[in-house]
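I opened this entry to look up chain contacts, helix packing and record annotations. My notes follow in the order I took them.

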Amino acid sequence: MRWLFSFLILALVSVVRGVSTKGNRLLVVLEDSSEKDSYSRFWDDLGERGFELSFESPKNDGLSLFQHGERAYDHIILFPAKSKGLGPSLTAQNLLKFLNLDGNILLALSSKAPTPSALTSLLLELDIHLPPERSNLVVDHFNHDVLSASEKHDVVLLPRPDALRQDVRNFFGGDSKDEEVIAFPRGVGHTLGNTSPLLAPVLRAPRTAYAYNPKDEADVVEEPFAVGQQLNLVSTLQARNSARFTVLGAVEMLSNDWFDAKVKRSPGERGAAKGVKALKTSNRAFAKEISAWTFAELGVLKVGRIEHYLTNGGTNSTSREVNPTIYRVKNDVTFSIEISEHQLTHYAPYTPPATDSLQLEVTMLSPFHRLPLTPSTAKSPNSTVFTASFTLPDQHGIFAFRVNYKRPFLTNVDEKRTVTVRHFAHDEWPRSWAITGGWVWIAGVWGTVVGWVVFVGVWMYNAPRGGAPRAKKVQ
Amino acid sequence: MADSAVGPFLQGTTGRNTRGLLRLVILCTIAAAAVASRLFSVIRFESIIHEFDPWFNFRATKYLVQHGFYSFWDWFDDRTWHPLGRVTGGTLYPGLMVTSGVIYKVLRLLSMPVDIRNICVLLAPAFSGLTALATYLLTSELSPSPSAGLLAAAFMGITPGYISRSVAGSYDNEAIAIFLLVFTFYLWIKALKLGSAFWGALTALFYFYMVSAWGGYVFITNLIPLHAFVLIAMGRYSPRLYVSYTTWYALGTLASMQIPFVGFLPISTSEHMSPLGVFGLLQIVAFVEFIRQQVPSKQFQTLLQSLIVAIFLASVGILILLTVAGVIAPWSGRFYSLWDTGYAKIHIPIIASVSEHQPTAWPAFFFDLNFLIWLFPAGVYLCFRTLKDEHVFVVIYSILASYFAGVMVRLMLTLTPVVCVAAALALSHILDTYLLIDSPSAEAYLNDGTRADSASSSTVSAPQKKPSSSAASDSLRSTRDPLVGIYSSMSKLSIAGAISTYLLLFVLHCTWVTSNAYSSPSVVLASRLPDGSQHIIDDYREAYQWLRQNTPNDAKIMSWWDYGYQIGGMADRATLVDNNTWNNTHIATVGKAMSSREEVSYPILRQHDVDYVLVVFGGVLGYSGDDINKFLWMVRIAEGVWPDEVKERDFFTARGEYRVDDEATPTMRNSLMYKMSYYNYNSLFPPGQARDRVRNSKLPAEGPRLNTLEEAFTSENWIIRIYKVKDLDNVGRDHASAMSFEKGSKKKESTSKRRAAKALRVE
C-alpha cells in the first residue's frame with residue numbers, strides 16, 4: 001500500500017512530473033557500477049519522471065525482489081552482466097513471480113556480454129528465443145551507420161516503427177514529422193514464438209539484417225540465427241495481469257553517447273539511400289517511450305465506473321436502480337463503462353483507433369449479443385463513457401455483461417458483471433381480458449356461469465305440483 | 001359381537017362407547033408408535049436433514065419461509081445449474097414446503113417459535129401417524145370387522161417399506177405423499193360407496209394436495225380411472241360411480257392444473273389420457289343407461305352397446321393419431337422404463353444410474369414387508385370372495401402396485417399401503433375366526449341363516465347370507481358351503497399362538513430394520529471402533545463447512561450431480577448440476593469434464609466458470625459409494641451426448657475389466673476423475689505400497705500429476721476432495737509446461753536440430 005500513498009502524494013504535489021500508474025520504486029540491476037555513468041542521461045530522464053532509482057549489483061546477496069511476500073520494487077531494469085549466473089535472488093522463477101505480482105521488467109541485452117542462463121530460461125518461458133550460441137551479433141550490410149561501424153556493419157539504423165496492425169495504437173512512432181532514425185548498436189536479436197498472443201514486437205530488423213555468431217571462424221555465415229523481419233530487436237510481452245516485460249536487444253541504445261549521436265546511413269539496397277545527410281539519432285525519445293510503456297506510464301487503461309440499469313427504469317441516476325443483480329427476460333438494459341487512458345502524466349479520455357471499437361458481450365456459455373459500445377457525447381475531462389443499450393434475450397439464466405478488450409500495448413480490460421435473468425413472474429403476463437383472442441373463452445365461461453344460475457332459478461321456481469308421487473314413479 | 005362372556009360393558013350403548021374409546025386409544029397408540037419408531041436417527045445422531053433430495057426441500061422451505069409465498073412461486077434459482085439457472089418455483093411440487101411453511105406460521109401464531117429445521121425433520125414422522133389413521137379408515141371401508149382397520153393401521157405404522165422413506169429427517173415428498181395417497185383412496189371409496197358429490201369433491205381436494213406434493217400422483221390419476229373402467233366392464237355401472245367419478249375428475253383435473261409444474265400436462269400427455277378417456281366413456285355409458293330406461297327395445301340396446309364400443313375405439317384411434325401428430329406428448333422415458341426394465345439403461349442412462357430406479361431384488365420384499373408379504377395374497381383372495389366395488393379397487397391396486405414394485409425399488413412405497421390393508425384383512429379374518437372362546441353351534445347357524453355370526457363369516461357378507469337355498473349353485477365353490485366355526489380349543493390356541501409369534505417377530509424385524517438400515521442420515525456416517533463404541537465420520541459436513549467458510553460467496557462448485565443438493569443446502573454455493581436432473585446435456589457436460597483428459601476438461605471448466613471441483617473418494621476408508629464407482633455412469637451419460645469423444649470401452653482393459661491399478665487403461669488414468677481421486681494418495685503410504693481399499697487393488701507406484709487444478713481441501717478421511725481450478729497462466733504458457741517450470745525442469749530449446757521446421761511469425 002505504501003506505493004499507493006506515495007503515488008497519491010506525488011500526484012498531488014507535482015502535477016507536472018509524470019509518474020507511473022504502478023508506483024515509482026525502480027530497481028536497476030547493474031553489475032559494474034562504473035557503467036552507471038555512461039547511462040547518466042537515461043537515469044536523469046527516469047528521475048525526472050518521478051522514479052526512485054536504486055542501483056544494485058546482482059552479486060549483492062542482500063538483494064531481494066520481495067518483502068513479506070509483496071514486491072519490494074515496482075519495476076526492474078536488468079542490465080547485461082558478465083557473470084553466467086545472476087545470483088540467488090534473480091532466478092528465472094523469481095523474475096516470473098515478480099511479473100505475476102504485477103511488476104514490470106525492462107531487460108537489456110548486449111552482444112558484448114553473454115546472456116545469463118537464468119534470463120535465457122525466463123525468456124524461453126515467455127516464448128522469446130535467443131540464439132543458442134552464447135555470443136551473437138546483428139549486422140546489416142545495407143542499413144548500418146557508416147560513421148561508427150563502416151567496417152563491422154553492426155550499428156543498425158532503423159526508421160521509427162510503424163503500427164503493428166491497422167487497429168493498434170503506435171506508441172513508438174515518434175511525431176513522424178521528419179525522418180527519424182534509431183540506432184541499434186552491437187545488439188542481440190531474438191525471435192518470437194508463433195502462438196503467444198501476449199507478445200508484440202516493437203522494433204523488427206530491416207529486411208537485409210541477419211544475426212550471426214562472431215566467434216564462428218567461417219568466412220560465410222552458413223545458418224544465420226534469423227534474418228530479416230523475423231529477427232526482432234525490441235519486443236514486449238504484456239502478461240495477462242498487464243505486467244509488462246520488454247526485451248531490448250542492445251543496451252548501448254540507452255547510453256549517453258547514442259542518445260544523440262550523429263549517424264549516417266549506408267547506401268542501402270541498390271544504393272537507394274545514397275547521399276543521405278548525417279542525422280542525429282532519436283534514441284533518447286525512443287528510450288523514453290519504451291521505458292514509459294514498460295513502466296506503465298503509457299498505454300494504461302483504467303476502468304472507472306461500470307453501470308447497467310433498465311433503460312426505462314428512470315430518467316436520472318438517482319431515481320433508477322443502478323447495477324441490480326436480477327433482470328427479467330426481454331428487459332431493455334443500458335450498459336455503460338468509463339475508461340480513461342494514462343498519458344505519461346495524467347489520465348485522459350480514451351479513444352480507440354478508428355478501425356477498432358470496444359464491444360460488449362452479453363454471454364451465457366456463448367455470447368447472445370455482441371454489441372459495439374459507443375462513446376457518449378458528454379465529455380468528461382479524463383475519461384470516456386462508452387454505452388450500449390439492448391434488449392436482453394428471451395432466455396433465463398445467469399448472464400455476464402463482459403467487456404473483453406485486449407489489444408497489443410494496451411492494458412488488458414476484461415470486466416465481467418454477472419446478472420441473473422429471470423423468467424416472467426406469475427403476475428407479469430398480460431391479463432386474460434387484454435388478449436383479444438381470449439374473449440371467446442371468457443364469453444364462454446360467463447355464458448356457462450350465467451346459464452347455470454338461470455337454470456337453477458328456473459328449476460327451483462318451477463317445481464311441478466305434487467312432485468312427490470311422480471318422483472317415486474321415476475325411481 | 002354379542003358375546004355374553006366378555007362382560008356387561010361390552011354390550012349395548014355402553015359397549016359401543018367403550019369400544020369406540022378403546023379403538024381411539026389404540027389408534028392414538030399406533031400413531032405414537034409410528035412416530036416413535038422413526039426417531040432413531042434423531043436420537044442416535046442429531047436433528048439433521050438426511051440424504052440428498054431432502055436438502056433441496058429444506059432449502060426451498062427456508063426460502064419460502066423467508067421470502068413469502070409469491071416470491072417462492074416465482075423463484076428463479078441462480079445458485080444451481082450454473083449458468084442456466086432453474087425456474088425452481090415452476091419445476092417443483094410445492095406441497096411439502098407449503099405444508100411445513102403453514103405449520104411454521106401456525107406455530108408462530110401460537111407463540112411457539114419452533115425452528116424450521118425441526119419442523120422439516122419431524123414432518124415425516126408426524127405424517128406417518130396420520131397415514132396410520134388413514135389406513136385405518138380405508139380398511140374399515142373394506143371390512144366390517146373393526147380389527148382389520150386397527151391391524152392395518154398398526155402394520156402401516158411400523159412396516160419398514162414405508163419407514164424407509166419417512167424416518168425423521170427424511171424430508172422428502174414421499175413423507176406426506178403416502179398419507180395423501182391412502183387418504184385420497186379412502187375418500188374415493190367413500191365417494192363411490194355413497195355416490196356423493198361431496199365426498200367426490202373431497203377426493204378431488206386431496207387429489208389436488210397429492211398433485212402438489214409428489215409426482216407419484218400419476219398413480220392415482222391412472223388407478224381411479226382403471227377402477228371405474230373395470231367396474232363398467234364388469235357391468236357394475238351405477239349412478240354412484242357416475243357422480244363420484246365425474247366430480248373427482250372435473251374438479252381434480254382443474255385443481256391439478258393450478259400447480260405450475262403440472263400445468264397443461266393433464267390434457268396433453270399420454271399418462272393423463274386414461275382419466276379423460278374414462279370420463280368420456282362414463283358420459284356415453286350414462287347416456288345409454290338413460291336411454292335404456294326410456295326405451296325397452298332389445299335391438300335398440302344392442303345398437304347402443306355397439307355404439308359405445310365404436311365410440312370408444314374411435315376415441316382411442318384419435319388419441320393415437322394425436323400422439324403420432326405430436327399434439328399429445330408420448331409416454332415419457334421414465335414411463336417406458338416401467339414396462340421394459342432394460343429401456344432406461346440403453347436410452348436414458350441418467351434414470352438407470354439412480355440406485356432407487358433399479359429393479360427390486362426379491363429379498364427386498366421380505367426385508368421391507370416381512371410376514372405381510374405372504375398374508376398379502378390371502379387378503380387379495382378374501383377381496384375376491386366379497387367382490388364389492390371397493391374390493392375391486394383393492395384387487396386392481398394390488399396387481400398394479402405389485403408389478404411396479406417389482407420394476408423399481410422406489411415403488412415399493414406404493415405397494416406398502418395395499419399390502420398392509422390386504423394383510424390386515426386376511427389376518428383379521430383369521431383372528432376373528434380363531435379367537436372366539438366359545439364354540440359356535442352348527443345347528444344354530446344352519447337353522448338361523450340370517451344370524452350375523454360375525455366371528456366366522458364377517459367377510460362373507462350379504463350375498464352369501466342366504467346361500468343354502470337357491471343362489472349358492474352359481475357362485476364360487478369356496479363360497480358355496482359357509483364357514484361355521486372352529487370347535488377345538490387346541491387349534492384355536494395354536495393358531496393364536498402362531499399369529500402372536502408372527503406379530504411379535506414382525507415388530508422385532510421392523511425395529512431392527514428401521515434401526516439398522518433406514519436410520520442413517522448418509523450425511524453422517526457411523527462406524528464401530530474395535531471396542532464397540534460408535535465413531536462418527538463427518539467428512540461431508542466438514543467439507544461443506546470448509547466451502548462455506550473459505551470460498552467466495554459466488555464460487556461455482558462442480559461435482560457429480562448426486563452432491564448438488566447438499567452443496568446448495570449445506571455449503572450454500574452455486575453448483576453446476578444437482579439431483580433435479582432436468583437437463584441431461586448439462587449433466588453430460590460435467591460427465592465429459594470428469595472423464596476426459598485435463599486438456600479437454602479445462603476449457604469446459606473455464607466456460608462454465610467453475611472455481612472448485614469436488615469429488616468423493618472412498619479409497620482410504622473403504623467407502624464404496626464414491627465417485628470412482630459411479631464413474632462409469634458419468635462416462636455413459638457423457639457418451640450418450642458425445643459418442644465420438646467419450647467411449648465407455650476405453651475405460652475397460654482389454655479383458656473387459658474396470659481397474660484402477662497398474663493395468664488401468666491410459667484413458668482411465670488420464671481422466672480428470674481418476675487424477676483427482678488419486679492425486680497425492682501415494683503420500684499416505686510407504687513408497688509403492690498405496691492401496692485402494694474399495695477396489696482392493698494396489699495403485700501404480702507413481703501417482704497422477706495434476707496441471708490445471710490444485711488441491712484445495714481434503715477431508716479428514718479423504719472422503720471429500722476439493723480442487724481449485726487454476727486461472728490461465730499469466731504469461732501465456734500451457735499449464736503442463738508452467739508446472740514443469742515450477743518444478744525446476746528446464747525447457748529444451750528445440751531449434752538446433754529442426755531449424756527448418758520453425759514456423760515463421762506473421763503479424
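This is a predicted model: local features need pLDDT of at least 70, side-chain atom pairs count only at pLDDT 80 or more; totals for chains, interfaces and linings use all residues.

**Chain contact**

I started with the interface: 26 residues of chain B are in contact with 32 residues of chain A.

**Confidence in chain A**

I then looked up the confidence of chain A. The average pLDDT is 85. A score of at least 70 is reached by 91% of the residues of chain A. Residues 469-475 of chain A have a pLDDT below 50. Leaving aside near neighbours in sequence, I found one contact for this stretch in the model.

**Transmembrane annotation, chain A**

From UniProt I took a "transmembrane region" at residues 439-463 of chain A, in an unreviewed entry. What is the chain over residues 439-463 of chain A, in helix and strand? I read 92% helix and 0% strand. The end C-alpha atoms of these residues of chain A are 36 Å apart.

**Core annotation, chain B**

For chain B I noted the UniProt feature "domain: STT3/PglB/AglB core" at residues 557-606, again from an unreviewed entry. Residues 557-606 of chain B are 58% helix and 8% strand. Their end C-alpha atoms lie 12 Å apart.

**Helices α27 and α28, chain B**

Next came helix packing. Two packed helices are described by the angle between their axes and the distance between the axes. I took helix α27 (residues 539-550) of chain B and helix α28 (residues 564-571) of chain B. Their axes cross at roughly 60° and come within 9 Å. α27(B) is therefore oblique to α28(B). The crossing of α27(B) past α28(B) is right-handed. α27(B) brings B:Y540, B:R541, B:Y544, B:L547 and B:R548 to the contact. From α28(B) I listed B:Q566, B:I567, B:M570 and B:A571. By class, the contact of α27(B) with α28(B) has six nonpolar, one polar and two charged residues.

**Helices α29 and α30, chain B**

I repeated this for helix α29 (residues 584-595) of chain B and helix α30 (residues 598-607) of chain B. At what angle do α29 and α30 of chain B pack? I noted about 140°, with the axes 8 Å apart. α29(B) and α30(B) are therefore oblique to each other. I logged the crossing of α29(B) and α30(B) as left-handed. The contact residues are B:T589, B:K592 and B:A593 of α29(B), and B:S601, B:I604 and B:L605 of α30(B). I sorted the contact of α29(B) with α30(B) into three nonpolar, two polar and one charged residues.

Technical notes
Residues are numbered from 1 along each chain as its sequence is written. Chains are lettered from A and ligands numbered from 1 in the order in which they are written. UniProt positions are given in the numbering used here, feature names are shortened, and annotations may be inferred rather than shown by experiment. Helices (H or I, at least four residues) and strands (E, at least two) are DSSP runs, numbered from the N terminus. pLDDT is the predictor's confidence in each residue, from 0 to 100. Two residues are in contact if their C-beta atoms, placed from the backbone, lie within 7 Å. Axes are lines fitted to C-alpha atoms, for helices over the stretch in contact, and angles run from 0 to 180 degrees between N-to-C directions. Angles under 35 degrees count as roughly parallel, over 145 as roughly antiparallel, 65 to 115 as roughly perpendicular and the rest as oblique. A crossing is left-handed if the near helix is turned anticlockwise from the far one by less than a right angle, and right-handed if clockwise. Ala, Val, Leu, Ile, Met, Phe, Trp, Tyr, Cys and Pro count as nonpolar, Asp, Glu, Lys and Arg as charged, and the others, Gly among them, as polar.
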